[in-house]
Amino acid sequence: VRYDVLGNRVVFPIRDFEGNLITFKGRTLEEDYTEKGIAKYLYYHNFDGRYFLFGYYENYFDIIDSEYLIITESEKGVLQLRTMGIYNAVATSKKRISEEQAQEINDLGKKIVLAYDNDVTMGEIKMELSKLNGEVYYIKDTFGLLGKKDSPSDKGYEVWNKLYQNKFKLER
């Protein structure tokens, strides 16, 4: 992770499944980015993200060794979980799981835990989980621990762990 001083962005690499560098993605640190007309996220070189899962290459062996695969909405979630010692996570880099990402996830044969932001609706959660095979779970804050836009990993390990331990199984 780096800092782009000219763009005032946190920048991190995007790698393919073999570890090859594809591009860099930057997130603005400007508080009023909307008012200034600044994009929240910016790819430094355009690419087709539907073929990639952020963190897959970096966490591959931990994912293989784990019973569960955690799927976050953003790259930030994967990075935050790493700081908590949790290495079995990937990010879709958006709310939607592409067909290509779903195929890669399903091929792993893991139990899935969707850990999307708190503002994602149950309808959206069910739609994304319907793309995945096997046992699928989701994290939903029923305790009021998160703000509207927070992800389950935003408030630190204790909050993450409480939410994760109280995950819900999707009944099909």
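1. A residue counts as buried under 20% relative accessible area, as exposed over 50%, and as partly exposed in between, with a 1.4 Å probe and protein chains only. By this criterion, 43% of the 172 residues of the chain are buried.

2. The model is predicted: local features need pLDDT of at least 70, side-chain atom pairs count only at pLDDT 80 or more, and totals for chains, interfaces and linings use all residues. Residues are numbered from 1 along each chain as its sequence is written, and side-chain values use heavy atoms, with hydrogens and water left out.

3. The chain holds six helices and nine strands (DSSP runs numbered from the N terminus: helices are H or I of at least four residues, strands E of at least two). The radius of gyration, taken over C-alpha atoms, is 16 Å, close to the 16 Å from the globule rule for 172 residues, so the chain is as compact as a globular protein of that length. That rule is 2.2 Å times the number of residues to the power 0.38. Along its principal axes, the C-alpha trace spans about 45 × 40 × 30 Å.

4. Five strands form an open sheet in the order β6-β5-β7-β8-β9, with mixed pairing.

5. Ile71 has Leu114 of β7 as its bridge partner.

6. Of the contacts (heavy atoms within 4.5 Å) between residues at least 6 apart in sequence, 57% join residues at least 24 apart.

Notes. Pairing = 2+ DSSP bridges.
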